[in-house]
Amino acid sequence: DNGKTWEDAVDITDQISLPGWKKDFKFITSGRGICTSDGKLLHTLVNLDHGLHIFGSEDHGHTWQLYGSALNPGDESKIIELEDGTWMVNSRVANQGSRFSHRSNDEGKTWSSTPAPELPDPACNGSLIRYSSAQDADRNRILFVNAANKKERKNLTVRLSYDEGKTWPVSKVIYAGSAAYSTMTVLPNGDIGLLFEKDDYSDNVFTSFSLEWLTEGVDKGE
């Protein structure tokens, strides 16, 4: 009923962690997960002693499991499915000054990991979402937002990729001042909704913008 009432909570800790992790510092990362084209629900989990992991459900959330091996380096992260079925994870990494990108074409069994110096980052949570797929729109579009500064949590910037996250040719600053965690969604009218921490965590702000605004009218979408 759209969140008006809820069933009893179920503790899934044992489903998404290993026996030796009982006393470890671990957490599900902030922000949204995804539903893949074959119906898997996926999100990311960090164990500070054992790395970044993917967990998910294949039965609409009734049961959960860990997938594959740990991703390193990686802290709070976001996962997305690419057009060819590849899983791509974009990660916050400490003391690097930029993000890391991880890709797996075998559902997390193995990963290829590369630094992403084109995405400066002060080790802060960001947001990664698919705006459109060429399967049902005119082209592929992926959006990424973070505090685009190597050292400080400021300069919140949205970027757009047309080649499944290989390059980010379009970018626009949303807020140049202090900004931290952020999350995005695509609204029913096609605009992008953005919620972020602002001004040294003193305010949580929601704003929205259009694809046309982001691309200065070059890309109006379909």
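Predicted model: local features only at pLDDT ≥ 70, side-chain atom pairs only at ≥ 80, totals over all residues.
Figure 1. Strands of a sheet are held to one another through backbone hydrogen bonds, in either a parallel or an antiparallel manner. Arg 130 also belongs to the lining of the largest pocket, where it is listed among the residues closest to the centre.

Figure 2

**Figure 3. The hairpin of strand 13 and strand 14.** Strand 13 and strand 14 (residues 192-198) run antiparallel and are joined by six bridges, and within this part of the model Val 186 is placed opposite Ile 192 of strand 14. Five residues lie between the strands of the hairpin, and Gly 190 adopts a positive phi near 95° there.

**Figure 4. The hairpin of strand 14 and strand 15.** Strand 14 continues into a hairpin with strand 15 that has four residues between the two strands, and in the turn Asp 199 has a positive phi of about 55°. The two strands run antiparallel and are joined by seven bridges, and Gly 193 has Ser 208 of strand 15 as its bridge partner.

**Figure 5. The largest pocket and its lining.** The volume of the largest pocket is about 390 Å³. Its lining consists of 20 residues, of which Cys 35, Thr 36, Ile 80, Glu 81 and Arg 130 are the closest to the centre. Strand 2 (34-35), strand 6 (77-81), strand 10 (127-132) and strand 13 (170-186) are the elements that each give two or more residues to this lining. Sorted by class, the lining has eight nonpolar, seven polar and five charged residues.

**Figure 6. The second largest pocket and Val 10.** The second largest pocket has a volume of about 160 Å³, and its lining is made up of Glu 7, Asp 8, Ala 9, Val 10, Ile 12, His 60, Gly 61, His 62 and Trp 64. By class, this lining has four nonpolar, three polar and two charged residues. Val 10, one of the lining residues, lies in the segment before strand 1 (26-28). Val 10 counts as exposed because its relative accessible area is 64%, the cut-off for this class being over 50%. Between the C-alpha atoms of Val 10 and Glu 76, which are 66 residues apart along the chain, the separation is 23 Å.

**Figure 7. The salt bridge of Arg 99 and Asp 121.** Nine salt bridges are present in the structure; in one of them the side chains of Arg 99 and Asp 121 meet at 3.2 Å, N to O.

Figure 8. The side chains of Asp 219 and Arg 141 meet in a salt bridge of 2.9 Å, N to O. Asp 219 is in the segment after helix 1 (211-214) and Arg 141 is in strand 11, and therefore the pair ties together parts that are 78 residues apart in sequence. Asp 219 counts as buried because its relative accessibility is 3%, and Arg 141 likewise counts as buried, at 0% relative accessibility. A further salt bridge brings together the side chains of Glu 216 and Lys 172 (3.0 Å, N to O). Because Glu 216 lies in the segment after helix 1 and Lys 172 in strand 13, this pair ties together parts that are 44 residues apart in sequence. Glu 216 is exposed, with a relative accessible area of 63%, whereas Lys 172 is buried, with a relative accessible area of 17%.

**Figure 9. A network of salt bridges.** Asp 38, Lys 40 and Glu 107 are linked to one another in a network of salt bridges. Side chains of opposite charge can pair when their charged atoms come close.

Key. Residues numbered from 1 in each chain as written. Heavy atoms only, no water. Buried < 20%, exposed > 50% of the residue type's maximum accessible area, 1.4 Å probe, protein only. 1 Å grid on protein atoms, 1.4 Å probe; cavity = no way out; pocket = protein on both sides within 12 Å on 5 of 7 lines; lining within 4 Å. Points joined across faces, edges and corners; volume = space filled by probe spheres on them. Nonpolar A, V, L, I, M, F, W, Y, C, P; charged D, E, K, R; others polar. Pairing = 2+ DSSP bridges. Salt bridge = Lys/Arg side-chain N within 4 Å of Asp/Glu carboxyl O.
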